[in-house]
Amino acid sequence: MTEVTLDEAGPIHALELWDAAGGDAIAAALGHALPAAGHSAGAEGRRVLRQQPLVWLLDGAGFDLAAIALALGPHGALTAIGGGLMRARLSGPGWRAVLMQDGVFDAEQAAFGPGCTAATIIAHVAVTLHVIAEEQCEVLLPASYAEPLVAGWRRVAAGLA
């Protein structure tokens with residue numbers, strides 16, 4: 001059975017990098033390179049998720065935001081966005097089938113595994129998917145849509161049990 005939980009997203013910052021000139025300094029401030037499209041890097045409490053071609057999400061409280069902002073300089077922007085987001089966790093072997101009920105992204109692709117991310121639409125709502133483990137996916141979603149989406153996922157999960 002798939003379990004669906006909902007929590008506040010916690011600290012999340014959008015890092016926009018407008019040109020490649022700031023990439024090396026950002027990587028030095030993070031301690032690793034920015035992840036490529038469709039991927040994440042880091043560990044729990046300090047994950048970097050590629051969300052868009054020029055945007056990465058800094059997920060967690062373990063970042064030195066002052067050092068990152070200094071490294072970023074005139075090459076981009078760092079914006080706190082966590083207050084408007086919630087975090088849903090889908091755990092269990094059926095999480096992929098649950099997301100496929102209203103999604104336009106093929107979550108059932110085997111290549112979409114741990115460390116992969118995708119910005120997509122589910123039930124007409126923009127979400128960010130992040131595969132944590134083979135049987136766990138986190139979904140960052142707007143707070144205003146969180147309750148109805150999670151309620152729907154719970155109904156689907158119960159029907160799959």
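1. A strand, as the term is used in this note, is a DSSP run of E with at least two residues, and strands are numbered from the N terminus. The model under discussion is a predicted one. On that basis, strand 7 (85-91) and strand 10 (136-142) each contribute at least two residues to the lining of the largest pocket.

2. The largest pocket holds about 170 Å³ of space. Its lining consists of Ala9, Glu44, Gly45, Arg47, Asp59, Gly60, Arg87, Arg89, Ile132, Gln136 and Glu138. Sorted by class, this lining has six charged, three polar and two nonpolar residues.

3. Strand 2 (residues 12-17) is joined to strand 6 by five bridges, and the two run antiparallel. Histidine 13 has alanine 80 of strand 6 as its bridge partner. Strand 2 also pairs with strand 5 in the antiparallel sense, over five bridges, and here alanine 14 stands opposite leucine 57 of strand 5.

4. Strand 4 (residues 46-52) is likewise antiparallel to strand 5, with five bridges between them. Arginine 50 stands opposite tryptophan 56 of strand 5.

5. Strand 5 (residues 55-59) is mostly covered, with five of its five residues buried. In a regular strand, side chains alternate between the two faces of the sheet. In strand 5, Val55, Leu57 and Asp59 point one way while Trp56 and Leu58 point the other way, and all are buried. Asp59 is also among the residues that line the largest pocket.

6. A second open sheet, again of five strands, has the order 1-7-10-9-8 with antiparallel pairing. Its edges are formed by strand 1 (3-8) and strand 8, each with a single partner strand, so one side of each is left without a neighbour in the sheet. From one strand to the next, the twist averages 25°. Strand 1 and strand 7 are paired in the antiparallel sense over six bridges; valine 4 stands opposite leucine 90 of strand 7. Strand 7 and strand 10, which both belong to this sheet, are the strands noted above for their part in the pocket lining.

7. How many aromatic pairs does a search of the whole structure find? The search finds one. The pair consists of phenylalanine 105 and phenylalanine 112, whose ring centres are 4.8 Å apart; their planes are at 70°, so the pair is edge-to-face. The reasoning rests on the cut-off, because planes over 60 degrees apart count as edge-to-face.

8. Are phenylalanine 105 and phenylalanine 112 buried or partly exposed? Phenylalanine 105 has 27% relative accessibility and counts as partly exposed. Phenylalanine 112, at 6% relative accessibility, counts as buried. These classes follow from the cut-offs, because buried means under 20% relative accessible area and exposed means over 50%. Phenylalanine 112 belongs to the loop between helix 3 (95-100) and strand 8 (117-122). Its C-alpha atom is separated by 9.3 Å from that of histidine 130, with the two residues 18 apart along the chain.

9. Most residues other than glycine have a negative phi. Alanine 123, which is found in this loop, has a positive phi near 50°. Histidine 124, also found in the loop between strand 8 and strand 9, has a positive phi near 70°. Alanine 123 is partly exposed, with a relative accessible area of 33%, whereas histidine 124 is exposed, with a relative accessible area of 80%.

Definitions and conventions: Residues are numbered from 1 along each chain as its sequence is written. Side-chain values use heavy atoms; hydrogens and water are left out. On a 1 Å grid over the protein atoms alone, a cavity is a set of points where a 1.4 Å probe fits but cannot get out, and a pocket is an open set with protein on both sides within 12 Å along at least five of seven lines; lining residues have an atom within 4 Å of a point. Grid points are joined across faces, edges and corners, and a volume is the space filled by probe spheres set on the points. Helices (H or I, at least four residues) and strands (E, at least two) are DSSP runs, numbered from the N terminus. Ala, Val, Leu, Ile, Met, Phe, Trp, Tyr, Cys and Pro count as nonpolar, Asp, Glu, Lys and Arg as charged, and the others, Gly among them, as polar. Rings of Phe, Tyr and Trp (its six-membered ring) pair if their centres lie within 6.5 Å; planes under 30 degrees apart count as stacked, over 60 as edge-to-face and the rest as tilted. Buried means under 20% relative accessible area, exposed over 50%, partly exposed in between (1.4 Å probe, protein chains only). Two strands pair if DSSP finds at least two bridges between them. Axes are lines fitted to C-alpha atoms, for helices over the stretch in contact, and angles run from 0 to 180 degrees between N-to-C directions.
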